[in-house]
Amino acid sequence: MVSISVKPRSRKLREVSIESFSPDAPLSELVDVIAAKNIISKHRLRLTQIQEPVDQKKTDSKGKPIRPKHLALNLEKNLADNGIAGDEVTLYVKDLGPQISWRTVFILEYLGPLLIHPAFYFYYGSFEEHSYTQTVSFFLVMLHFLKREYETIFVHKFSLSTMPLFNLFKNSGHYWLLSGLNLAFFIYSPNALPESLAVAGPLKKIAFHTSNHSEDTLNILVGLWAYSEVSNFITHLNLSSLRSPGSTERKIPMGYGFTFVSFPNYFFESLSWLFFALINNNLFSYLFLIVGSLQMMVWATKKHRRYLKDFGDKYPKKRKIYIPFLY
């Protein structure tokens with residue numbers, strides 16, 4: 001058995017001492033004890049150990065004492081698997097603040113466009129008063145985010161249970177503002193109708209421009225959009241199958257799309273928004289495409305590096321990150 005002293009890194013927490021903790025038990029059991037003694041949700045707690053001891057006499061450029069670096073511990077593993085040895089162990093715990101489940105965050109993020117787009121579309125008029133391009137754009141947006149909600153509830157599996165509550169507002173801004181207000185205001189407006197654009201000034205023509213394609217062109221673009229959405233859904237099913245419920249295990253994804261890139265789900269997501277933008281040719285559709293794709297590229301790059309670190313030589317060397325054959 002191991003004697004563990006858990007020191008608080010947050011003022012509201014108190015020190016916890018455990019005289020006999022099983023070295024084979026996962027650290028999640030230790031967090032349960034800490035949470036019970038502090039009367040706090042276990043999801044708010046981060047358990048760490050000091051990564052590098054620091055001389056307390058040393059200071060930074062501003063004269064403040066240099067604080068030791070803390071390494072977050074894997075709660076699914078025991079002490080030894082986290083690289084901790086000895087009969088007496090000192091760990092640290094931090095209160096991360098109010099938390100919210102990842103699933104709830106995703107549901108609320110995607111709810112924004114599902115509420116905003118109908119509000120603007122029907123405020124501006126009925127089906128008969130909108131152009132065909134406006135109506136097609138409206139249904140594609142609704143189908144996309146309904147698919148997202150379905151995936152969140154029935155497909156996605158999350159390695160972490162919760163995230164800080166504050167992140168809900170930051171993350172939701174992308175969807176409520178950029179893919180919600182941003183698209184709905186400019187695409188469905190009466191200013192985007194051909195007869196309005198014909199007599200509009202240069203700024204309005206740029207901001208509210210929507211194309212009216214031939215029926216064949218529009219059908220091809222909608223078909224390509226549907227292909228991208230279905231492909232994105234398939235890759236999400238593939239990723240979900242890699243992890244059993246409640247597990248945090250990591251496997252190398254294979255199969256459809258993964259032959260060429262590490263994150264085909266992001267690639268197909270960008271493709272669907274590209275075809276959406278080509279359908280209406282609105283400036284703000286392209287803005288959302290660029291911002292969203294750049295963000296997914298950042299995520300893909302970070303996760304790809306983690307794949308290489310975790311799997312080493314086992315990971316396919318010729319596999320690109322985000323765009324087949326290019327990046």
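**Note on helix packing and two residues**

1. Helix α4 (residues 166–187) packs with helix α9 (residues 283–311) at an angle of about 160 degrees, and their axes lie 9 Å apart. That makes α4 roughly antiparallel to α9 (angles over 145 degrees count as such). Axes are lines fitted to C-alpha atoms over the stretch in contact, with angles from 0 to 180 degrees between N-to-C directions. Helices are DSSP runs (H or I, at least four residues), numbered from the N terminus.

2. This is a predicted model: local features need pLDDT of at least 70, side-chain atom pairs count only at pLDDT 80 or more, and totals for chains, interfaces and linings use all residues. Residues are numbered from 1 along each chain as its sequence is written, and side-chain values use heavy atoms, without hydrogens or water.

3. Which residues form the contact of α4 with α9? From α4 come H174, L178, S179, N182, L183, F186 and I187. They meet F284, S285, L287, F288, V291 and G292 in α9. Contact means heavy atoms within 4.5 Å. The residues divide into 8 nonpolar, 5 polar and no charged; Gly is counted as polar.

4. H144 lies in helix α3. H144 is buried, with a relative accessible area of 1% (buried is under 20%, exposed over 50%, 1.4 Å probe, protein chains only). H144 touches W225, E229, E269 and W273, leaving aside residues up to four places away in sequence.

5. E128 sits in the loop between α2 (102–124) and α3 (132–154). E128 counts as exposed, at 71% relative accessibility. A polar contact of 3.1 Å joins the E128 and S126 side chains (a pair of N or O atoms within 3.5 Å, one able to donate a hydrogen and the other to accept it).

Note on methods
Angles under 35 degrees count as roughly parallel, over 145 as roughly antiparallel, 65 to 115 as roughly perpendicular and the rest as oblique.
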